[in-house]
Structure formats: C-alpha cells, structure tokens
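Me: Hey, I've got a structure open and would like to talk through it. Can you help me with some packing questions?

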Amino acid sequence: MQNFSHRPEVQLRALNKLLTMPEDQLGLPWPTELVEEVITIIKQHEKVLDILLSACSLLLRVLGQALAHDSEAEIPKSSLITSFLMNALQSHPNSEGLVLVTYNVLSIISSQGQISEELEEKRLFELAQKHLERFQEDRDICLGILSLLWSLLVDVDTVNKEPLENLSVSVTWVLAFHQEDMEVTEAGCAVLWLLSLMGCIKEGQFEQVVVLLLRSIQLCPGRVLLVNNALRGLASLAKVSELVAFRTVVLEEGSSGLHLVQDIYQLYKDDPEVVENICMLLAQLASYKEILPEMMSGGIKDLVQVIRGRFTSSLELISYADEILQALEAATHPSPQEDQLEPPAMLEASKVSPLQADPLLRP
C-alpha cells in the first residue's frame, strides 16, 4: 500500500485482500499507529466510494475482532481516525453500505472512550438526524445510529440543545416506524430517556413520546434494559409535565398505564432496579393532586405498600414509596383546613376524575 499509495486500484486490491485474510494473519490487535498509517494512505482516495467502503469495512473487522478476543482490549482512537470516518459519512451521504459500516465503527470507538465532544464539534448530531430521516425505513442503519447515540449521550456535555432537540424528532419517527423491532426499540427508548434528561424533547412531542415509551414496554416486556430506560424516560418527562402524567395514567381508550406498571412489577418483582424505576415513576405521578384519585382507584396504594415491605434495605426505593403513600393518604384524608378552605362546588367537582371531566385530557 505504501509503495503505490497514489494508485487507487492497487489500494482497493490491498484492502480487499486484508478483508479476506484469515484472522490469525491479521496480527490483531492493530496499534493506533498502524491504523493511522492505513488511513493516511486511504485519505488520498476519499472520493472513490469502493475504497472508502472497503477501508471502513476493514476498520470494522479489525476493531470488532480485537474486542471479540478481549473485551478489555484498547481500541485505537485518535482525531485522525474520527475525522476520516466523519469525512466518509459526509462525502457519500447516500451510500447505504458506507453509512451503515461507518456508524458501526464509530459505535465501537465510542464504547471505550469519551469522543462525544469531538464528534459534536464535527456536527455528528446534525448528520445523524439527516441520516435517520433519509434511511428511516432501513432497520440496520437506524439501529447503528441509535446505538451510537446511546453511547455518546451518556457522556455528552453540551450547551447547544438545538441539534439534539431536532434529533429527538427523528428518533421519535424511527421508533414509531420500527416499534415491533426489539433491538431498535431498545436503543430508541434509551436515546429518548437520555434526551429527556437533558431537556431536549420538545413540549409538542411529549404526548407522542409517552405513548411510544408505554407501547414499547407493552410490546417488549421481556427486555429488562428497554423496560428500565422506558420507565426512566416516563419519569423524567412526568417530572416536568402534568400532561405527561395524565397520558401515562391513561394510555388509550380502555387501556391503563397504571395497569401496565402493575403488570411489569409482577414480571420483575424480584429485580430491585426495575422496581425502583417503577416507584420513581409513580412518585412523579403522585406529585400531581389531580391524578391521585386515579392512582387510588387503580390499586397503586396496595402495590406500593407491598413493595415497601419487600425492599426494606433500599433507601432510595423506600423514599419513593413513602412519598407516594403520603401523597395518597393526604388525598384520601384531607386536613380540616383544606376542607374549610375548599368551596362546596370544588368538593363536588373533585369527586370526578379530571380525565373524565376535561375532554382535552382524554386520549
């Protein structure tokens, strides 16, 4: 490759030979210097799609197999490598094969190092949004992008929320389109949870995101990671929006989000992490007085009492449980001062669930 670096046909043959070379002859793992040397040669031919595709496929093979042999192996990463991959994405944005393999390589690199800031500077989030929109129906590309975002958003420290707010719209579209695909749904729920923590889901999206998260739990109740991230996302959004809380309580006509939560508890009642996330969500719901009657009639008090009795060693969980029970108790037995201050008309109206009284809050 070095002797004929200016000849693209030679580089392509060399890359293809490396791609088909037996694993024991590749000399894995490759040090960063060797990866950079190959990339430096390939950069002379960035306009040749076949060369870029073979080069990125080689990187995927080299890095992926190194991790397969040793999960603790150090993955080569440098500004030269990430710049090369980003340039590959930008130079041939319509090549499905190149887009797919490049995002997969970036996911491997990001899994071991904090490169969020570097990729953010190179406008990765804007590029990911465009690719999600362009390849919305391509399951593998969407999964690759969502997996990378999941890895990056855990570490991202951004002050510019606009790209992530726009990205959240595209993620929502993809999740709605691929909701029966468990892997895509799992990654999508994780990304939506992280975006909600950062305040990057627009208010106009709240209702759609809540429905997607609840339905994801319904469709994939056996995937514990998905369930945990969906519950966290719901709790994060319910913390800032009463509408989210109402929509969580009543998923759709004849379907209760509270019943879904109870079903999930029965499935994971021996998993402290899931149970804690359930209580975190219920605590956020219980912070809205108008929802407390629905929680009482939905059997949440009995559920939380059972949970509190079973998980006595978890201080965080006990704290959530006490918060919920206190709110429910206060709603059941209001103080005399509240009774005196509340007009008779209000007392009568409070007997009617706000979900029944206000047609705007009905699903």
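Me: At what angle do H9 and H11 pack, and how far apart are their axes?
Reply: Helix H9 (residues 162-177) and helix H11 (residues 206-219) pack at an angle of about 40 degrees, and their axes are 11 Å apart. Axes here are lines fitted to C-alpha atoms, for helices over the stretch in contact, and angles run from 0 to 180 degrees between N-to-C directions. Helices (H or I, at least four residues) and strands (E, at least two) are DSSP runs, numbered from the N terminus.

Me: Is that crossing left-handed or right-handed?
Reply: H9 and H11 cross in a left-handed way. Left-handed means that the near helix is turned anticlockwise from the far one by less than a right angle, and right-handed is the clockwise case.

Me: Which residues meet there?
Reply: From H9 you have Thr172, Leu175 and Ala176, and they meet Gln208, Val209, Leu212 and Ser216 in H11. By class, that contact has four nonpolar, three polar and no charged residues. Ala, Val, Leu, Ile, Met, Phe, Trp, Tyr, Cys and Pro count as nonpolar, Asp, Glu, Lys and Arg as charged, and the others, Gly among them, as polar. A contact means heavy atoms within 4.5 Å.

Me: Before I go on, what sort of model is this, and which cut-offs apply?
Reply: It is a predicted model: local features need pLDDT of at least 70, side-chain atom pairs count only at pLDDT 80 or more, and totals for chains, interfaces and linings use all residues. Residues are numbered from 1 along each chain as its sequence is written, and side-chain values use heavy atoms, with hydrogens and water left out.

Me: Good to know. Now threonine 185: buried or exposed?
Reply: Threonine 185 counts as buried, because its relative accessibility is 0%. The cut-offs are under 20% relative accessible area for buried, over 50% for exposed and partly exposed in between (1.4 Å probe, protein chains only). Threonine 185 lies in helix H10 (residues 182-197).

Me: What does threonine 185 touch?
Reply: Not counting residues up to four places away in sequence, threonine 185 touches Leu175, His178, Gln179, Glu180, Ser216 and Leu226. A polar atom of its side chain lies 2.9 Å from the backbone oxygen of glutamine 179. That is a polar contact, meaning a pair of N or O atoms within 3.5 Å; within protein, one must be able to donate a hydrogen and the other to accept it, and residues adjacent in sequence count only if both atoms are side-chain atoms.

Me: Switching topic, what caps the N-terminal end of H13?
Reply: Serine 241 does: one of its side-chain oxygens lies 3.3 Å from the backbone nitrogen of leucine 243. Helix H13 (residues 242-249) is mostly covered, with six of its eight residues buried. Among them are Phe246 and Arg247.

Me: And which residues have the most contacts inside the largest nonpolar core?
Reply: Leu149, Leu153, Leu282 and Met295, in a core of 116 residues. A nonpolar core is a set of buried Ala, Val, Leu, Ile, Met, Phe, Trp, Tyr and Cys residues joined through side-chain atoms within 4.5 Å. Leaving aside its neighbours within four places in sequence, leucine 153 is in contact with Phe125, Leu164, Val191, Leu194, Leu195 and Met198.

Me: What's the phi of arginine 123?
Reply: Arginine 123 has a positive phi of about 65 degrees, although it is not a glycine. Most residues other than glycine have a negative phi. Arginine 123 lies in the loop between helix H6 (116-121) and helix H7 (124-134), and it counts as exposed because its relative accessibility is 52%.

Me: Last one: how many helices and strands does the chain have?
Reply: The chain has 21 helices and two strands. Of its 363 residues, 50% count as buried.
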